[in-house]
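Please look through the structure below.

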Amino acid sequence: MASSPCNPFTLTPTVTPLSKPTPTATLLPIRTGSPQRSVQCRAGQTGFFTRLGRLIKEKAKSDVDKLFSGFSKTRDNLAVIDELLLFWNLSETDRVLDELEEALLVSDFGPRITIKIVESLREDIMSGKLKSGSEIKDALKKFVLELLTKKGNKTELQLGFRKPAVIMVVGVNGGGKTTSLGKLAHRLKNEGVKILMAAGDTFRAAASDQLEIWAERTGCEIVVGEGEKVKAPSVLSQAIKRGKEDGYDVVLCDTSGRLHTNYSLMEELISCKKAISKVIPGAPNEILLVLDGTTGLNMLPQAREFNEVVGITGLILTKLDGSARGGCVVSVVDELGIPVKFVGVGEGLEDLQPFDAETFVGAVFS
Ligand SMILES: Nc1nc2c(ncn2[C@@H]2O[C@H](COP(=O)(O)OP(=O)(O)OP(=O)(O)O)[C@@H](O)[C@H]2O)c(=O)[nH]1
Ligand SMILES: [Mg+2]
């Protein structure tokens, strides 16, 4: 690995005193979780975020077991493919491919990609390129892997070069935005990143309490709006100002759940984005759309609408632990060409896994 002036591995961690930042008249008070250890990036900032993104991605490869267990239901669902291919012979190709098609559809690979896979396999079988069940299985895995790496590359977080980097999470109600934000904070914090959370869900009174619990749990600081009429763009704007003034590395912005079909709520999201970029031109660096894996292909219209309105830079697919439909990862990448950056495989702190195509293919077609 090339060395960088801001290598989070080599810098000595310093304990930042919990003294409150000097308050200014316009800023909301900051709330603090438990005392945190943070690594300050002392030299130039270029390279810090690039390395961070890469580091998190590399960890995905070492978290194979977690991802493997997270996809157990999808794997069980697809195990039928092994049985089919074990006894495959040329005369039974049509029946076997029909059943393979069914298994992929049941796991939410989606009709478009399923047909592409099956037809490509049929062609290779008929031309004599694939001669055994194991060759067919390998070709199936290769097809999925190539699709994920071609259409959904850049799975690393792209946090730019300036501090603070801003990440905003968006999505429909109950998809797992706040939980994913908390888990992401935990992951970044483990790499020595100094994080500020912004409670941008101002629709529900309990929303900021939920985020405060995550701030406490992860030892991060948080900016929460005060008063009943506080608006999300104002909270986010103030949090970004605070992040800038107090030298945070990353500001993580939570937002309210909203139906992609609700025009005025989608407009509010545009205002949130504008409020952020007014403080830091070019921010947010990442707008991550959180999609509930259990909703299957219903997530596609949601994703299209959010993408059109605010421009999605990456996806977080949640609740894949509880669902046997992990194939939706492939269908969203195929349909939208937006990379999946993280997958949620449980409710715990460690249950947000950076997405790695190879690990995924190994986990669902073991
Ligand atoms: N099993 C499982 N549960 C999850 C996962 N991610 C989130 N959840 C659960 O899903 C529920 C909703 O999560 P939240 O984080 O509150 O969702 P949200 O999108 O912030 O919801 P709103 O703010 O109401 O729109 C909670 O019970 C979470 O614990 C996951 O990856 N796996
Ligand atoms: Mg929430």
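Where does UniProt place the feature "domain: SRP54-type proteins GTP-binding"? The unreviewed UniProt entry puts this feature at residues 339-352; UniProt positions follow the numbering used here, feature names are shortened, and annotations may be inferred rather than shown by experiment. The end C-alpha atoms of residues 339-352 are 16 Å apart, and the span is 0% helix and 43% strand. Helices (H or I, at least four residues) and strands (E, at least two) are DSSP runs, numbered from the N terminus.

This is a predicted model, in which local features need pLDDT of at least 70, side-chain atom pairs count only at pLDDT 80 or more, and totals for chains, interfaces and linings use all residues. Residues are numbered from 1 along each chain as its sequence is written, while chains are lettered from A and ligands numbered from 1 in the order in which they are written.

The chain has a mean pLDDT (the predictor's confidence in each residue, from 0 to 100) of 84, with 86% of its residues at 70 or more. Residues 1-26 have pLDDT below 50, and this stretch makes 33 contacts (C-beta atoms, placed from the backbone, within 7 Å) beyond near neighbours in sequence.

Around ligand 1 there are 21 residues, each with its C-beta atom, placed from the backbone, within 6 Å of the ligand. The closest are Gly 176, Thr 178, Thr 179, Gly 257 and Gly 344. Helix α7 (residues 177-190) gives the largest share of this shell, three residues.

Helix α13 (residues 357-364) is largely enclosed by the rest of the structure, because six of its eight residues are buried (20 or more other C-beta atoms within 10 Å of their own, C-beta atoms being placed from the backbone). Among them are Phe 360 and Val 361.

Terms used. Buried ≥ 20, exposed ≤ 12 C-beta atoms within 10 Å, placed from the backbone. Contact = placed C-beta atoms within 7 Å.
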